[in-house]
Amino acid sequence: MSIKREWTTPITAGAFLLLAVTGVFMFFHAAPGLAKEAHEWLSWGFLAIVAVHVAVNFSAFKKYILQRKGMVLLGAFVLILIVCFSPLSGSGEPPFATPIRALAKAPLTVVAQVAESSPEQVMERLKKEGLAVQSAQQNISELVGDDWHKQMRFLKMLIDK
């Protein structure tokens with residue numbers, strides 16, 4: 001079976017459009033519906049599509065990459081990728097991590113107010129999730145540890161009801 005450019009190019013362009021639009025919405029924390037999930041999961045398909053596209057167009061791809069301009073441009077993106085994974089400054093956490101940590105250190109009575117629930121309801125829901133809650137003066141940080149991802153998951157569960 002021969003893979004044709006007339007298929008790979010429009011599929012690659014369509015996948016890029018989907019990932020670009022959902023990525024922009026995610027950047028502004030306004031991803032509606034399944035946009036975030038589509039972006040995360042369909043990016044795997046995009047990788048496969050790009051691999052097929054490069055394979056079908058390999059001679060042209062190789063020609064561009066082996067030219068000085070192609071090497072410089074690809075090298076620039078490799079440097080950007082390296083910088084993205086380098087701890088240059090700060091904690092590397094998103095800006096909402098600080099308020100999550102603060103709420104996670106507040107007593108469950110405060111969390112209950114934010115969740116518009118009673119402390120007893122909050123404690124019961126946490127117990128149902130397997131946490132050893134003893135009093136309403138405990139906090140999420142004590143119950144789940146310092147991992148702000150876990151803290152965020154439990155706070156979201158309590159606030160979402």
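Of the 161 residues in this protein, 22% count as buried. Keep that in mind as we go through the structure. One thing before the tour: this is a predicted model.

Let's start with the overall build. The protein has nine helices and zero strands. Reading along the sequence, you get α-α-α-α-α-α-α-α-α. The radius of gyration is 23 Å, well over the 15 Å that the globule rule gives for 161 residues, so the protein is more spread out than a compact globule. The C-alpha trace spans about 70 × 35 × 25 Å along its principal axes. The accessible surface of the protein comes to about 11,700 Å². Carbon and sulfur atoms account for 68% of that surface.

Now contacts. Take those between residues at least 6 apart in sequence. Of these, 62% join residues at least 24 apart.

Next, the inside. How many residues does the largest nonpolar core have? The number is 17. Those with the most contacts inside this core are Leu-108, Leu-126, Leu-131, Val-133, Ile-140 and Leu-143. Which elements give two or more residues to the core? They are helix H5 (97-104), H6, H7, helix H8 (140-144) and H9.

Look at Leu-108 for a moment. Leave aside its neighbours within four places in sequence. Leu-108 is then in contact with Val-122, Met-123, Leu-126, Val-133, Ser-135, Ala-136, Gln-138, Asn-139, Ile-140 and Leu-143.

One of those partners is Ser-135. You will find Ser-135 in the loop between H7 and H8. Its relative accessible area is 29%, so Ser-135 is partly exposed. With neighbours within four places set aside, Ser-135 is in contact with Leu-108 and Met-123. How far apart are Ser-135 and Val-50 in space? From C-alpha to C-alpha, they are 54 Å apart. In sequence, 85 residues separate Ser-135 and Val-50.

Over to helix H1, where Thr-22 sits. Is Thr-22 buried or exposed? Thr-22 is buried, because its relative accessible area is 10% and the cut-off for buried is under 20%. Not counting residues up to four places away in sequence, Thr-22 touches Ala-35 and His-39.

On to charged pairs. Side chains of opposite charge can pair when their charged atoms come close. In this model the count comes to two salt bridges.

Here is one of them. Glu-40 forms a salt bridge with Lys-36. The closest N and O atoms of this pair are 2.6 Å apart. Why are Glu-40 and Lys-36 separated by about one helical turn? Because they are four residues apart in helix H2. Glu-40 has 33% relative accessibility, so it counts as partly exposed. Lys-36 is also partly exposed, with a relative accessible area of 39%.

Now the other bridge. Lys-156 forms a salt bridge with Asp-160. Here the closest N and O atoms are 2.4 Å apart. Lys-156 and Asp-160 are four residues apart in helix H9 (residues 148-160), so about one helical turn separates them. Both Lys-156 and Asp-160 are exposed.

Next, the backbone. Most residues other than glycine have a negative phi. Two residues to look at here are His-29 and Glu-116.

His-29 has a positive phi of about 50°, although it is not a glycine. Where does His-29 lie? His-29 is in the loop between helix H1 (5-27) and helix H2 (35-56). With a relative accessible area of 66%, His-29 is exposed.

Glu-116 is not a glycine either, and its phi is positive, near 55°. This residue lies in the loop between helix H6 (108-114) and helix H7 (119-128). Glu-116 is exposed, with a relative accessible area of 67%.

Last stop, the surface. Which residues form a nonpolar patch there? They are Leu-74, Val-78, Leu-79 and Ile-82. Together these four have about 360 Å² of accessible area. Leu-74 lies in helix H4 (residues 68-84). At 41% relative accessibility, Leu-74 counts as partly exposed.

To recap: nine helices, zero strands. The largest nonpolar core has 17 residues. There are two salt bridges. And the protein is more spread out than a compact globule. That's the tour.

Technical notes. Residues are numbered from 1 along each chain as its sequence is written. This is a predicted model: local features need pLDDT of at least 70, side-chain atom pairs count only at pLDDT 80 or more; totals for chains, interfaces and linings use all residues. Side-chain values use heavy atoms; hydrogens and water are left out. Patches are made of residues with over 30% relative accessible area and no salt bridge: like charges are joined within 9 Å, nonpolar side chains (Val, Leu, Ile, Met, Phe, Trp, Tyr) within 5 Å. Accessible areas come from the Shrake-Rupley method with a 1.4 Å probe; for residues, only the protein chains shown count as cover. A salt bridge is a side-chain nitrogen of Lys or Arg within 4 Å of a carboxyl oxygen of Asp or Glu. Buried means under 20% relative accessible area, exposed over 50%, partly exposed in between (1.4 Å probe, protein chains only). The radius of gyration is taken over C-alpha atoms; the globule rule is 2.2 Å times the number of residues to the power 0.38. Contact means heavy atoms within 4.5 Å. A nonpolar core is a set of buried Ala, Val, Leu, Ile, Met, Phe, Trp, Tyr and Cys residues joined through side-chain atoms within 4.5 Å.
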